[in-house]
Amino acid sequence: MITKKELIGIFQKNPERYWKVKLFDDLGFKRKQCKNCGKFFWTLSDQETCNDSTCKPYKFINKPVTKKPLNIFKTWKVIQKFFVDNGHIPLKRYPTVCRWYPLYFTIAGIVNFYRIDENGDLDWEFPANPSILLQPSLRFNDIPNVGLNSKSFTCFGMIQQTSLFDGKNGYWKDKCIELDFNLLTKVFKIKPEEINFIEDVWIGHGAFGSSLEYHVQGIELGNAVFTEFMGTPSNYREMKEKIIDMGAGWERFTWITQGTPTCYDAAFGPVLKKMKKFCDFKYDKKLFLNYAKISGKVNLDEYSDLNIALSKVATQLGISVGELKKSIEPLQALYSVADHTRALVFALADGGLPSNVAGGYNLRVILRRALSFIDKFKWNLNIQDVVNWHIQYLKKMFPELEEKKDEINKILEVEIKRYKNTKERISRIIESLSGKTPTQEELIKLYDSEGITPEQLGIEASSDFYARVTERHMVEKKEEEKIALDISGLPKTKILYYDDVCNFRAKVLKVAGNFVVLDQTAFYPTSGGQEHDTGYINGCKVVDVIKLHSVIIHKIEPCNVKEGQIVECKVDKKRREILKKHHTAIHIVNGAARKILGFHVHQHGAEKTEEKARIDITHFESLTEEQEEKIEEIANQIVEKALPIKKFVMKRGEAEKKYGFEIYAGGYIPSRELRIVEIKGYDVEACGGLHCNNTKEVGFIKILRTKRVADGLVRIEIKAGDIALSYLKEKEKILKEVAKKLKVKEEKVPEAVKKLFEDWKKKRKLLKKLRKRIGQNANIEKRVE
Amino acid sequence: MRISKKEWNKLKKKEKLLKKAAAILRVEEKDLPRVVERFQKEIKEMEEKLK
């Protein structure tokens, strides 16, 4: 695998091909190599070093680039207007919580336009061309730098300029850079000679290309990626349709117009002012201002030790690292609290839930980090207040945040309570440490198992602590199914199971041991949590059915089936019907749970077997008996309504636009076309499973039990239809038997059992007492003798 | 197997009664008849001894 550095080296052999654009020729941009960092950049000035923040201070601090400062809303307004005036279609933001495999969060604007299909290939789809979008994005790999370098966020607005260029429609590099240059010079009035275009490359999942970062006065404002190759740098082909993917920093554009010491001051506006007021925040403004100007040099990606990262800056400021740390730490903490709470606002509003699993892990980390800072500095700050201030400030642009306010607060209340509960365990842990400082690995283990942050133990964590605990939860990793069968060269299996076929003939395409591949099949393979069909192929029992990419493989009991043979196949209809009912029942329960518990409820996982079905939903606490009953009641109301269950194929983009991202259950792999299963008014999911045609066909649904299986995950086990009925009949039989034994009516059984138990305890006590007395009397008699 | 809502609710009520009864003795519902029988037997034996 070629690294980014190696790819830059390859491209730099031909910079004219990869980076030079018409504008550079027209205006006389010169290509130079930075004397400080060694990067190549294009400029109109005679500068020797580039405008990257590691090479230049933030020059616009106290000297904003525009005459009038713009707040975040005005900044977006002028940028959007510029692109719309230049033929771009404005798009509505996508959720920050992705739900589709392998991402948990929207990490950039461009990820909205591609999915990774089951073969691992990128599948692009653009709702408009060219387009402009402001996408709130979440990234948790830069946590240590938040608050420190004045520009890093876990939640940031990405200005996404996109164009698909096929030679006729859209535009390519020349137009992209011309537009971005005009935005900077004409809208933001930045002098052309103050703009640098730094050469870089982008290697994404299955695609790559060159890119030009544009830097102004020490800050990178945007990065225009020219995606033109499919595959990896070692095995690729040129794309027929090339993609302009320019991502710019919304907060950074705002910052350069305000010239505030940090990007946070510009982005969080009144929220930060209120926070400072509540904390009675006092600091050395002059020192901080001097630090802020050169803080872009502080990069904890390069140095995991904060002391080393700060040493150069401290020297430049003429103070010791200790003095600098003492001075900036409270500000770093305050900015981090502001950033983390805003990230939580977007994530929770979009259905994210702090937990110990998957992406929820990152949300819990930032919440606990923020709470730890408040504790550490003993600030009189309520984190829910900060969250509500953010909502208040952002609602005019994101009204959906206000709509979700109550539920966001409810989730936070539970989480804060949990954080406080860990405090009780802290003294026990400190005691067990008996003066020893735990290693980083031990601290990570402690966070994972107990949810206790180093700050809660009074220990200074390494600056990459939070990056290390979150990196394992950034993307989902799926394991390839291991089957001893080579499917290369086999055609896609024709699927018959959606047509309710149970008896069919097929041609055997491949036999390997117990595995058989047919040209077509009605055997449903285990997928989406639904167990496979069983039945017979030429009288041989089918014991397992597996889908590998687009080929369906049948595992059969030893049998004499030959390649090229036409075989008679029969699916076990009874089992199929039960699985269908259980699968549909799970959709119904999912919809009912959302109605009762709230919008944050999402299917994390599910299993549908012949015996029962289960769904793991995202929810922050155990269900009460009342909630359980209500969910069951709603589910059975849906059944009784005899609602049609619509199953249809839709283009991915259209489906996402119409139904939102809730259609994706945990780990779903979206393809270009989605099979949608809709129970109108209750549940819509992208689902490849088998379902009834009408909710009434499911029969009554019985919740067997609910259980909190992990932090943020509640398991609901159910039975449906005849299976549920048999289950209840069995219970009725047992109750009847117990009533008979107790010689009472069935409704009196609990009372009678209680009485029986009391009676047994009473008699046992009496017998014990009597035995003791007999023992004492015997002793007395002995002594008398 | 079709069943009316009334019958379904009746069955559910019975399941609840059984669940409640089993919870008193902290046993699984399927074990309740056997456990009740054991308690009855032990009570009888204790009564004999107490006489």
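## A glutamate, some cysteines and a helix

Tutor: A:E228 lies in strand β10 of chain A, which covers residues 219-232 (helices, H or I and at least four residues, and strands, E and at least two, are DSSP runs numbered from the N terminus). This is a predicted model, in which local features need pLDDT of at least 70 and side-chain atom pairs count only at pLDDT 80 or more, while totals for chains, interfaces and linings use all residues. Residues are numbered from 1 along each chain as its sequence is written, chains are lettered from A and ligands numbered from 1 in the order in which they are written, and side-chain values use heavy atoms, with hydrogens and water left out.

A:E228 is buried, with a relative accessible area of 1% (buried means under 20%, exposed over 50%, and partly exposed in between, with a 1.4 Å probe and protein chains only). The side chain of A:E228 is joined to that of A:K242 by a polar contact of 3.5 Å (a pair of N or O atoms within 3.5 Å; within protein, one must be able to donate a hydrogen and the other to accept it, and residues adjacent in sequence count only if both atoms are side-chain atoms). Leaving aside residues up to four places away in sequence, A:E228 touches several others, among them A:R17, A:Y18, A:W172, A:F208 and A:R237 (contact means heavy atoms within 4.5 Å).

Now to the cysteines. A disulfide, a pair of cysteine sulfur atoms within 2.5 Å, joins A:C540 to A:C559, with the sulfurs 1.6 Å apart. A:C540 lies in strand β17 and A:C559 in the loop between β18 and β19, so the bond ties together parts that are 19 residues apart in sequence. A:C540 is buried at 9% relative accessible area, whereas A:C559 is partly exposed at 31%. The sulfur of A:C34 is 3.6 Å from the closest cysteine sulfur, in A:C37, which is too far for a bond.

Last comes helix α10 of chain A, residues 321-349, whose end C-alpha atoms are 40 Å apart, in agreement with the 42 Å that its 29 residues should span (1.5 Å times one less than the number of residues). The helix α10(A) bends by about 35 degrees at A:I328, and a proline, A:P330, follows within four residues (the bend is the angle between axes fitted to the seven residues ending there and the seven starting there). Of the 29 residues in α10(A), 24 are buried, and just after this helix A:G351 takes a positive phi of about 100 degrees.
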